[in-house]
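Thanks, everyone, for making the time. I would like to walk through one structure with you, so please have a look at the sequence and the model before I go on.

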Amino acid sequence: MNCDPAVLTLYLVTDRSMLKGLEFPELLRQAASGGVTCVQLREKTATGGEFYRLALEAARVLEPLGVPLIINDRADIAAAVPCLGVHLGQHDLPIDAARKILGPGRVIGISVNTPEEALAAERAGADYLGASPVYLTGTKTDTDPAIGPEGLGLIAAAVRIPVVGIGGINAANAALMKPAGAAGICVVSAICAAPDPAAAARQLRAAFR
C-alpha cells in the first residue's frame, strides 16, 4: 500500500512515561489540535492485553480527529484494531510476515540507519522509512550511530518511498529536515514531555515548513 507523504508531516511516537500531568487521551487530543498528522503507539513494556486496550483507546480518540494511528512492532495488534498500519525495527518481524498478518491494505514502516537498509526495506515492500537516529537522543539508548541531516539526505535520495527523520528532532533543528529530503519529522519528547503539547506541535509544524 502506498503511504501518503502528507500523513507523515508531523509524526508523534508516544511515551506515556514523559507526560507532564496529562492523561494519555488528552495528550493525543492536544497533539492533534496542534497539527500532529500521525501517531505511533509505542509500548515497550506493556503486556499484549495492555497494549491492545491502549491501542483501542488511542483509535477511539484519534479516529474522529482524522489522525491515523500506527502500532509499534506488533503486527498482531495492528491487525486487531482500527489503524493505518505498523512500524517495525530492523530486528522485528520481517516485512513479508507482517504483510501476511495485515494484508495489502495496511501501511508498513521500517526503521533504517543506512541507504543499504533503506533499499532493502523498499525492495521488501515497506511503504515508508524512519531514518534514525538523526541526532543522539536519550529516548532510546540502543540506537545506531547518529546520521545527521546529511545521512538523512542520503537515505531519502536512495529510495522512492517517503522518509521521516527521527531522533533528537526539535523546534530548533526541524527546519533542516525538509531540505535534506524528509517527508516529515518524527518526535517523542518534543511533544510528550512538553508542558503544552498543542503549542509544541504547532511550533514543530511551523519549523518544518
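Predicted model: local features only at pLDDT ≥ 70, side-chain atom pairs only at ≥ 80, totals over all residues.

Let me begin with a question: which residue just after H1 takes a positive phi? The residue is Gly35, and its phi is about 115°.

Staying with H1, which covers residues 24-34, we find a helix that is mostly covered, with eight of its 11 residues buried. The buried ones are Phe24, Pro25, Leu27, Leu28, Gln30, Ala31, Ala32 and Gly34. As for what covers them, the buried residues of H1 pack against strands E1 (10-13) and E2 (38-41), and also against helices H2 (48-62), H7 (189-192) and H8.

The last of these partners deserves a description of its own. Two packed helices are described by the angle between their axes and the distance between the axes. For H1 and H8, the latter spanning residues 197-208, the angle is about 35° and the axes are 7 Å apart, and the crossing is right-handed. From H1, the residues in this contact are Leu27, Gln30, Ala31, Ser33 and Gly34, and they meet Pro197, Ala198, Ala201, Arg202 and Arg205 in H8. By class, that contact has five nonpolar, three polar and two charged residues.

Another pair is H5 (residues 115-124) and H6 (residues 148-158), which pack at an angle of about 30° with their axes 9 Å apart. Since angles under 35 degrees count as roughly parallel, H5 and H6 are therefore roughly parallel to each other. Their crossing is right-handed. Here Pro115, Ala118, Leu119 and Glu122 in H5 meet Leu154, Ile155 and Ala158 in H6, and the residues of this contact divide into six nonpolar, no polar and one charged.

Finally, the cysteines: how many disulfides does the count come to? The count is zero, where a pair of sulfur atoms would have to lie within 2.5 Å. For Cys186, the closest cysteine sulfur is that of Cys38, at 8.1 Å, which is too far for a bond. For Cys192, the closest cysteine sulfur belongs to Cys186, and at 10 Å this is also too far for a bond. Cys186 counts as buried because its relative accessibility is 4%, and Cys192 counts as buried because its relative accessibility is 1%.

Note on methods
Residues numbered from 1 in each chain as written. Heavy atoms only, no water. Axes fitted to C-alpha atoms, helices over the stretch in contact; angles between N-to-C directions. Helix = DSSP H or I, 4+ residues; strand = E, 2+ residues; numbered from the N terminus. Parallel < 35°, antiparallel > 145°, perpendicular 65-115°, else oblique. Left-handed = near helix turned anticlockwise from the far one by under 90°. Contact = heavy atoms within 4.5 Å. Nonpolar A, V, L, I, M, F, W, Y, C, P; charged D, E, K, R; others polar. Buried < 20%, exposed > 50% of the residue type's maximum accessible area, 1.4 Å probe, protein only.
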